[in-house]
Amino acid sequence: MLETFNLMLLKKDGGGFVLPCTSVTWKTTRMAPVGTLQLSYLRESGVKVDMGDQISLGIDNTKDNTNPPLIFTGTVFRADYTQDSLIKVTAYDNLRYLKASSSYIWEKETLSQKLVEICKEYSLEMGEIVDTGLAITEAYESKGILDMLMTAMLETNSKTGVLHNLFTDGEGRI
């Protein structure tokens with residue numbers, strides 16, 4: 001069965017509509033967890049995409065293609081005009097906000113406890129966060145938050161033998 005996709009643009013000032021695209025590329029990996037959606041559309045379509053708008057990608061393999069499950073929701077960080085009458089847009093999922101640098105002291109805290117604390121601090125929506133179990137004591141000074149979390153995740157995976165992943169779900173929740 002042929003899979004189809006829907007791209008929805010949700011304007012930050014309200015309203016939303018299907019985004020007509022000429023190309024779409026969605027990328028995510030386990031060890032570089034910030035998801036990226038790049039798309040192109042024709043300028044003459046009349047669609048205006050602004051920084052801060054939200055884009056959702058749904059893929060469906062059903063016959064009626066109503067409400068396809070979302071596999072990506074992200075925020076537009078870049079929109080560029082090209083010479084061939086296209087607008088190229090780049091959106092990142094909410095893990096992008098964790099690329100900021102900060103300083104944290106972990107005092108016998110698990111990765112899951114620290115992740116919840118950081119998500120609350122940055123007002124990031126959370127989905128299911130599994131208890132990772134391993135208490136970590138570590139001080140991080142002026143380091144990328146995502147780097148801290150990935151370091152703690154690798155340590156937790158290594159010491160517990162349980163594989164944990166950090167990602168956003170299709171709704172954009174961490």
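Tutor: We begin with a term: a residue counts as buried when its relative accessible area is under 20%, and as exposed when that area is over 50%. Please keep in mind throughout that this is a predicted model.

Student: Is Lys-11 buried or exposed?

Tutor: Lys-11 is placed in the loop between strand E1 (4-10) and E2. Its relative accessible area is 15%. Because the limit for a buried residue is 20%, Lys-11 is classed as buried.

Student: Which residue has its backbone oxygen 2.7 Å from a polar atom of the Lys-11 side chain?

Tutor: Leaving aside neighbours within four places in sequence, Lys-11 is in contact with Phe-17, Lys-48, Val-49, Asp-50 and Asp-53. One of these contacts involves a polar atom of the Lys-11 side chain, and the backbone oxygen that lies 2.7 Å from that atom belongs to Lys-48.

Student: What is the order of the strands in the open sheet?

Tutor: The edge strands, each pairing on one side only, are strand E2 (16-18) and strand E3 (23-27). From one strand to the next the twist averages 25°. The sheet has 7 strands with antiparallel pairing, and their order is E2-E1-E5-E6-E7-E4-E3.

Student: How many residues of strand E5 are buried?

Tutor: Strand E5 covers residues 54-60. E5 is joined to E1 by 7 bridges and to E6 by 5 bridges, with antiparallel pairing in each case. The strand is mostly covered, and of its 7 residues the number buried is 5.

Student: In E7, which residue is the bridge partner of Val-76?

Tutor: Strand E6 (residues 70-81) pairs with strand E7 (residues 86-92) in the antiparallel sense, over 6 bridges. Within E7, the bridge partner of Val-76 is Ala-91.

Student: Is Ser-85 buried or partly exposed?

Tutor: Ser-85 is found in the loop between E6 and E7. Its phi is near 65°, a positive value in a residue other than glycine. Because its relative accessible area of 33% falls between the limits of 20% and 50%, Ser-85 is partly exposed.

Student: What is the relative accessible area of Ser-123?

Tutor: Ser-123 lies in the loop between H1 and E9, and its phi is near 55°, a positive value in a residue other than glycine. Ser-123 is exposed, its relative accessible area being 66%.

Student: Which element gives the most residues to the largest nonpolar core?

Tutor: This core has 22 residues, and those with the most contacts inside it are Leu-98, Trp-106, Ile-145, Leu-149, Leu-166 and Ile-174. Two or more residues come from each of strand E8 (101-109), helix H1 (111-121), strand E9 (136-144) and helix H2 (145-160). With 7 residues, the element that gives the most is H2.

Student: With which residues is Ile-145 in contact, leaving aside its neighbours within four places in sequence?

Tutor: Ile-145 is among the residues with the most contacts inside the largest nonpolar core. Beyond those sequence neighbours, its contacts are Leu-98, Ala-100, Ser-102, Tyr-104, Ile-118 and Tyr-122.

Student: How many residues does the second, separate core have?

Tutor: In soluble globular proteins, nonpolar side chains tend to be buried together. The second core includes Leu-37, Val-47, Val-49 and Ile-55. Its number of residues is 15.

Technical notes:
Residues are numbered from 1 along each chain as its sequence is written. This is a predicted model: local features need pLDDT of at least 70, side-chain atom pairs count only at pLDDT 80 or more; totals for chains, interfaces and linings use all residues. Side-chain values use heavy atoms; hydrogens and water are left out. A nonpolar core is a set of buried Ala, Val, Leu, Ile, Met, Phe, Trp, Tyr and Cys residues joined through side-chain atoms within 4.5 Å. Buried means under 20% relative accessible area, exposed over 50%, partly exposed in between (1.4 Å probe, protein chains only). Helices (H or I, at least four residues) and strands (E, at least two) are DSSP runs, numbered from the N terminus. Contact means heavy atoms within 4.5 Å. Two strands pair if DSSP finds at least two bridges between them. Axes are lines fitted to C-alpha atoms, for helices over the stretch in contact, and angles run from 0 to 180 degrees between N-to-C directions. A polar contact is a pair of N or O atoms within 3.5 Å; within protein, one must be able to donate a hydrogen and the other to accept it, and residues adjacent in sequence count only if both atoms are side-chain atoms.
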